[in-house]
Amino acid sequence: MKTYKATAISPANIAFIKYWGWKNENDKALILPANDSISMNLSNCLTTTTVEFSPHFTSDSVKIAFFGQEKREATEKQREKVLHHVNRLKKTGDITLPVKIVSHNSFPSDAGIASSASAFSALTAATAHALGFAWDTKKLSIETRLSGSGSACRSIVDGFAYWQKDTNSENCYAYQLKDETWWDLADIVVVLDSHSKKISSLDGHQLATTSPYYQVRLQELPARIKKIKQAVEGKDFTRFGTLIEQEAISMHAICMTSQPPLFYWNHGTLEVILALQQWRKTGLMGYFTIDAGPNLHIICQKKDANILNQRLQALNNVSFTIVNTPCKGTRIIDNHLF
Ligand code: DP6
């Protein structure tokens with residue numbers, strides 16, 4: 001009997017302009033962001049996912065493995081989100097068979113990296129391919145966005161991505177700003193010793209409009225986006241670094257002033273920020289950005305990555321680091337995981 005199987009590999013991405021919040025409840029259901037966002041793919045934070053629909057399976061199964069760990073059953077919450085997405089895609093085709101999904105992450109589970117971006121872009125591409133859909137990157141990006149992990153739609157394209165907001169789902173997708181060879185940047189993910197309770201991005205998106213400064217942020221963004229685009233196009237690193245820090249602080253200011261307030265940073269976050277400011281005074285240039293957690297991404301020029309990485313690893317609160325460069329987006333590969 002015929003089976004339907006495909007494997008995709010996909011990177012996580014780091015946002016230089018952050019997706020943070022929706023305008024209204026309807027936007028929430030369709031993952032239509034309140035603002036455009038810009039990101040870069042991360043070469044060493046990859047998810048590989050194999051999806052197979054087969055009459056040999058008696059029920060659906062979802063297994064996940066992180067670097068250095070055994071493959072295990074997905075948690076109930078993960079399973080629900082994954083199968084909800086796959087079943088939605090399945091409904092648009094002719095196949096009604098049970099599915100087996102196995103996923104492997106190239107990074108540890110405690111890295112605090114948005115594994116959902118690499119996971120849901122790989123899952124969408126592998127599922128679509130297994131179902132025989134011949135989708136272009138625009139359609140893949142739209143369908144990945146609808147998984148619920150909006151930022152995953154930026155991982156589909158190579159290098160640097162621009163996710164445009166729109167009130168119409170069909171026009172809300174990510175496209176390539178520049179490919180992965182454009183700029184010799186590195187992103188050092190700095191993982192802190194952190195046992196603090198995780199606060200999801202979902203909580204943050206939901207609460208964003210309760211901050212009295214949210215409208216101010218939305219008004220400021222078009223100008224900042226324009227400047228960041230120019231800095232990427234002109235490879236103006238100092239300007240770029242200054243702007244991405246402003247943007248990260250703006251997003252976290254919204255979190256801290258939401259009602260109730262959300263604090264993603266911890267004391268280790270501040271230790272790294274202050275160290276970076278000192279190093280910059282001596283000419284060692286690295287700039288931070290921070291997603292929905294205490295860990296930082298230090299963006300630097302590739303030539304400075306080694307020395308910065310050594311210095312970061314020597315800080316008190318740093319547990320480990322992962323050095324990335326820009327890379328290709330989601331791809332279908334031949335090596336299946338089972
Ligand atoms: C701070 O809703 O895409 O990373 O929790 O991974 O599904 P998941 O996140 P998502 O929000 C991402 C928020 C952000 C900023 C960004 O990546 O644009």
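**Reading a buried residue and a helix**

Mentor: Leaving aside neighbours within four places in sequence, Asn 324 is in contact with Leu 42, Ser 43, Asn 44, Cys 45, Leu 185, Ala 186, Asp 187 and Val 189, where contact means heavy atoms within 4.5 Å. This is a predicted model, in which local features need pLDDT of at least 70, side-chain atom pairs count only at pLDDT 80 or more, and totals for chains, interfaces and linings use all residues. Residues are numbered from 1 along each chain as its sequence is written, and side-chain values use heavy atoms, with hydrogens and water left out.

Trainee: Is Asn 324 buried or exposed?

Mentor: Buried means under 20% relative accessible area, exposed over 50%, and partly exposed in between (1.4 Å probe, protein chains only). Asn 324 is buried, at 0%.

Trainee: Which residues of H8 are buried?

Mentor: Helices (H or I, at least four residues) and strands (E, at least two) are DSSP runs, numbered from the N terminus. Among the buried residues of H8 are Val 272, Leu 276 and Trp 279.

Trainee: At what angle do H8 and H9 pack?

Mentor: Two packed helices are described by the angle between their axes and the distance between the axes. Axes are lines fitted to C-alpha atoms, for helices over the stretch in contact, and angles run from 0 to 180 degrees between N-to-C directions. For H8 and H9 the angle is about 135 degrees, and the axes are 11 Å apart. That makes H8 oblique to H9; angles under 35 degrees count as roughly parallel, over 145 as roughly antiparallel, 65 to 115 as roughly perpendicular and the rest as oblique.

Trainee: Which residues of H8 and H9 meet?

Mentor: Val 272, Leu 276 and Trp 279 of H8 meet Leu 308, Arg 311 and Leu 312 of H9.
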